[in-house]
Amino acid sequence: KDGAWTRERVYNLQNTPDLVKQKWTEGPAWEAELGFLDACLHERMLVLASRRRGRIPAAWSDVETLGAGQLLYFPLFLPNYDFFGVVNVMLADDRALAAHESTLTWAMIQQGSAALVRVRLYEESRRNETRLRAILESSRDGIFLIGHDTVIHYVNGQALRQLNLSGDTTTWEEQPLSAVVAATRDEAPQLAGWLTQITRRVEGYDFAFSEEDMIFETAHGLFIKLIYTPVYSEHSPSPGSLMLLRDITEQRALERMRDDLLNMLVHDMRNPLSVIQNAIQLLQDPNMLELNAEVVGIAMTNTEKLLELVNTILEIGKLEAGRIRLDQEAVYLPDYVYKVARDVVVSTDHLELKVSIPADLPLLWIDITIIERVLENLLGNAIKFAPEEQGVVQITSAEDVDWVTLEVYNNGPHISPDIYKGLFQKYTAGNYEAKGYGLGLAFCRLAIEAHGGQIWARNQPGGGVSFCFTLPVFHVPDFPDEDA
């Protein structure tokens, strides 16, 4: 191995087992016998008897201690190997072996060594099979390996769990596919129908369904996609087929949420578009010229609403993909907070607005355009959920060493637990049509996280809801001293 002779295995003599292990140890070969081992590379069988002990005097004393009369070195040439190794045999008798004895001994050693190689190959194949099974068992897909005779040669635990099949994998391996058909009629009748068609195939494994058709729902509410493909090998054109069961339940749920979001967007876009359309029709009426300025104002307001909705959708996508570049600068935030609060609350006369931002608030390192949008969204939500009578919206701040926390409070109802867990996810609003915290909160989360901050909501014990978020404080960079 690696250019050095190594004694790999030592088998004990029955009469002196301990001595053999002491003298003839596994590991590096004796230096005195290296010449004999090298000679075996030339397909020579070497015999070293006691009468010629002088050829390896350094080692012979140990050989005699074991009661050996001669040593035999046999080169091994096994199938598929150019040179496999050397077998060294100790014999008690110091006599020359007859030709047929040498031939028979060599043949026995060759056959025995070949058997050992086969055992090692079998053990290695078992280890590989164990590793392969471990890999397949860790797969999130259910896996069936089906033979050409529709017998199940392999199934993993995930497939049994998906189809609610009892027993373990050994229960189903070497069972006909029809057994799975019978066991899944109630759990997944559509799959049972497809598998029935497979079992009736006489030859070939082409399947008469498109990939989109191969989706079924189980009785336990799982959506499973069946991926069915032939298995090829160099020894057989099609020894069987591989059947993958992919759980797409989460994907289906996401698709439903996207549909809800699309419905919400269509609904939200329809109103401003209808208003714009009616305004344009009024502008075309010659009898309505005196109302042109008012109509144009209505059309512009609704156009801005529609554009804001579209921009929010686009910006959410860019923030998620990390494609928005923040234009950060040192900003004195109180001025912007008062401006946003004044603009948002100006048309609302049913609530009390309180802004408590200290004048000595430190400069913040932010993209003020994006943070203004965050404030607008949170204030808009606060106004929406504040009571129509005696409503209160309050903005406060708290300073830490590196962060400033802003809080937007309204004295409206608490957020219910089912909404709270997905409050800042962009598809949550589609499930809550009444008022819903919509795309705005998803944008707020992504915008604050892009600044390295955090955003959260909490129900206040005395009533009302607070939305809080953190923004980084601007620190003047250290410039090197010019005199240094």
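Trainee: Before we start, what should I know about the model and its numbering?

Mentor: The model is predicted, so local features need pLDDT of at least 70 and side-chain atom pairs count only at pLDDT 80 or more, while totals for chains, interfaces and linings use all residues. Residues are numbered from 1 along each chain as its sequence is written, and side-chain values use heavy atoms, with hydrogens and water left out.

Trainee: OK, sheets. In what order do the strands of the open sheet run?

Mentor: The order is β7-β6-β10-β9-β8, which makes 5 strands with antiparallel pairing. Strands here are DSSP runs of E with at least two residues, helices are runs of H or I with at least four, and both are numbered from the N terminus. Two strands pair if DSSP finds at least two bridges between them.

Trainee: Which strands stand at the edges?

Mentor: β7 (152-155) and β8 (215-217) do; each has a single partner strand, so one side of each has no neighbour in the sheet. On average, neighbouring strands are turned by 25° against each other, direction ignored. For angles, axes are lines fitted to C-alpha atoms (for helices over the stretch in contact), and values run from 0 to 180 degrees between N-to-C directions.

Trainee: How many bridges join β6 and β10?

Mentor: There are 6 bridges between β6 (residues 142-147) and β10 (residues 240-247), in the antiparallel sense. To pick one out, find Ile 143: its bridge partner in β10 is Leu 244.

Trainee: And which helix packs on that sheet?

Mentor: That's α8 (residues 189-199), which touches β8, β9 (223-231) and β10. Its direction makes about 135° with that of β8. Contact means heavy atoms within 4.5 Å.

Trainee: Switching topic: how far does helix α12 reach?

Mentor: α12 (residues 368-385) has 18 residues and reaches 26 Å from its first C-alpha to its last, close to the 26 Å expected at 1.5 Å a residue. The expected span is 1.5 Å times one less than the number of residues.

Trainee: Is α12 mostly covered or mostly exposed, then?

Mentor: Mostly covered, with 14 of its 18 residues buried. Buried means under 20% relative accessible area, exposed means over 50%, and partly exposed is in between (1.4 Å probe, protein chains only).

Trainee: What caps its N-terminal end?

Mentor: Asp 367 does, with a side-chain oxygen 3.2 Å from the backbone nitrogen of Thr 369.

Trainee: What else does Asp 367 meet?

Mentor: Look at His 451. The backbone nitrogen of Asp 367 lies 3.0 Å from a polar atom of the His 451 side chain. A polar contact is a pair of N or O atoms within 3.5 Å; within protein, one must be able to donate a hydrogen and the other to accept it, and residues adjacent in sequence count only if both atoms are side-chain atoms. His 451 and Asp 367 are 84 residues apart in sequence, yet 8.3 Å apart in space, C-alpha to C-alpha.

Trainee: Where does His 451 sit, and what is around it?

Mentor: His 451 is in the loop between α14 (439-450) and β16 (455-459). It is buried, at 6% relative accessible area. Not counting residues up to four places away in sequence, His 451 touches a set of residues including Leu 326, Trp 365, Ile 370, Trp 403 and Pro 472.

Trainee: Now charges. How many salt bridges are there?

Mentor: A search of the whole structure finds 9. A salt bridge is a side-chain nitrogen of Lys or Arg within 4 Å of a carboxyl oxygen of Asp or Glu.

Trainee: Last one: which loop holds Gln 390?

Mentor: The loop between α12 and β14 (391-399). Gln 390 has a phi near 60°, a positive value in a residue other than glycine, and is exposed at 71%.
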